[in-house]
Amino acid sequence: MELLRYILRRMLLSAFVVVGVTFLVFVVAQVVPSDPAALYAGPRPTAEQIEKARQELNLDAPLQARFATFATAMASGDFGISYKSRRLIAEDLRAYLPATLELAVFSTGLALLIGIPLGVVAAAHQGRWADRLGSFGSIAAVAMPTFFLAMILQLVFAQWLGILPLSGRLSREIAISAPLQMITGFNLIDAILAGRFDVFGDALAHLILPALTLASYPAGVAMRLTRSAMIEILERRHIVAARALGLSEPRILFGHALPNAMGPALTVIGLSFAYALTGAVLVEIIFAWPGLGRYVSEAILAKDFPVIAAVTMVVTICYVVMNLLIDIAQALVDPRVALS
Amino acid sequence: MKKLVHRLGIPGSIALAIVTLFVLVAILAPWIAPYPLQGAGAPNVIAKLQPPSASYWLGTDHLGRDILSRIIYGTRVSLTNGLLIVAFSLLIGLPVGLAAGYFGGWIDEALMRGTDVFLAFPALLLAVLMAAALGPGFLNSIIAVAVTWWPWYARLARAEVLVLRGQPYVEAARLSGVSHPRIIIRHILPATGRPLTVQAALDVGPALLTAAALSFLGLGILPPTADWGQMVDAGRKFFPARWWYSAMPGMTIFIIALAFSVLGDALRDRKGGASRASA
């Protein structure tokens, strides 16, 4: 019962937050910029063109009416037309959103895959050099500017070693000569569905560097959290008992201690997903990844506010929903959460 | 000196030394930069994109300017960025948090739900949206980041006030008829100020990192003023063949952010020890 009340309360709060977010995006995208009509009218507009644009955009209507129009449009998925390309933004989003989500999901998996084992190793060698090195690494991962790490990875793996592609989502040969039919929009899944394993390998190779860039920070956090959870658990009696029974150290660490230290994993998933959505703006430009981040950065340069507003809305809603799901999952795993 | 090293540990002390060094560099920029004019933006077309050498220690950029001098001048922008972002955020977050915590009830509910809305955004994205709306520029980029930053201070201040509100000395002041604003300013603010200032000082590093990301996106201070994030972006066109152009300012951002976060860890450890001892 408590659990149900908690879940309902969280859902209600999320709904409220989404309304607030819509209002804030409206204010920043439509009220703050000096003259949206001049931007809408295109380069070097005449006075009549601007006036026409004012009417088309309904800029003379009172603010609350404009917000109502904006909110209804957003709710129905009508994000309007891009000032720059005059294309439907909703259609662009459909093409770009899966690319960003693919990157976010993959980098989250990578962060857990790197961070958790390192945390286990650090806990097992507590206070010794492996632990210290790991701690330093996790601090360094936080301090590293995302855009700079991306460039270093490109330099090492693409330029010097030449083992991974420099940028893009698929090789040009594949994209041009035998394009993948878009089913889900996730290249890895689409390639399997189409039974094209050469494309799968190519897509995977393109995914690694950008995902690694985005995974470094959450992997550092995952490592720290796993380490402290493991240190606590390694002192418990069932571990002492396992040691007394003569089980091998890896088996104790990964078989008996780690499953009890998985609490932080959920936190890391949420954090990593959020970080990937945000970091996408920087990483997608550098790796020429055709996702929302690159889309929005091009819109910034063109002052294309409908696009900026649409991307902010969509990404923020993904973020709010993700946080809601994580909170609910956490309450299900540990009912004490709902009571606090 | 010895006492300080003991308190912060060796990594913490090195970090403090690095941060101090950057502050000095920022203050003394015109006197220590090898080419002050180029640091301030004057082009030097006879030495375009030269690799690091005896006369240009960190190489030159596409306008032939000495990268070391540009980085030294950029220190001013970056540190001011970090400081002002934190200061602006405190200016908004502190009053909101104080009022929410002190008055409670519907005021608290309204202020904190408003805060939640700002926290619902992925931080960099809201900053990008703000910066795009305000247009690029030094002050605008600072405001854009502060808009995403203040809710943390509001939450922190509120949590502190909730503890203080029930303290006997606050009760006593209220019973003797001291007005609300006076209680908040004279009796609560001084006690919350301390932990918040420590937090804020440590946030200068992450704030500076966010500002660097904005200027990398072209939403920061405009050239010819030297700015690290913008230098990394400008160097990208010549990367990796002329790697030093991006790599040197990139490394600089990394070093200062690392110093701040190591220092933060050292201070947190120390604070934890101190509070345990006093309890």
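A cavity is a set of grid points where a 1.4 Å probe fits but cannot get out. The structure discussed here is a predicted model.

Q: What volume does the largest cavity have?
A: A search of the whole structure finds three cavities of 30 Å³ or more. The largest cavity has a volume of about 50 Å³.

Q: Which elements of chain A give two or more residues to the lining of the largest cavity?
A: The lining includes A:Leu112, A:Ala222, A:Pro264 and A:Val268. By class, the lining residues are nine nonpolar, one polar and no charged. The elements that each give two or more residues are α5 (89–124), α10 (197–233) and α13 (263–286) of chain A.

Q: Which helix supplies the largest share of the lining of the second largest cavity?
A: This cavity, of about 40 Å³, is lined by residues including A:Leu277, A:Leu292, A:Val311 and B:Leu125. At least two lining residues come from each of α13, α14 and α15 of chain A. The largest share, three residues, belongs to α13(A).

Q: Are α14(A) and α15(A) roughly parallel or roughly antiparallel?
A: The axes of α14 (residues 292–301) and α15 (residues 305–333) of chain A come within 9 Å and cross at roughly 150°. Angles over 145 degrees count as roughly antiparallel. Therefore α14(A) is, relative to α15(A), roughly antiparallel.

Q: How many nonpolar residues does the contact of α14(A) with α15(A) have?
A: On the α14(A) side, the contact includes A:Leu292, A:Tyr295 and A:Ile300, which meet residues of α15(A) including A:Val307 and A:Val315. The contact of α14(A) with α15(A) has no polar and no charged residues, and its nonpolar residues number nine.

Note on methods. Residues numbered from 1 in each chain as written. Chains lettered and ligands numbered in written order. Predicted model: local features only at pLDDT ≥ 70, side-chain atom pairs only at ≥ 80, totals over all residues. Heavy atoms only, no water. Axes fitted to C-alpha atoms, helices over the stretch in contact; angles between N-to-C directions. Helix = DSSP H or I, 4+ residues; strand = E, 2+ residues; numbered from the N terminus. Parallel < 35°, antiparallel > 145°, perpendicular 65-115°, else oblique. Contact = heavy atoms within 4.5 Å. Nonpolar A, V, L, I, M, F, W, Y, C, P; charged D, E, K, R; others polar. 1 Å grid on protein atoms, 1.4 Å probe; cavity = no way out; pocket = protein on both sides within 12 Å on 5 of 7 lines; lining within 4 Å. Points joined across faces, edges and corners; volume = space filled by probe spheres on them.
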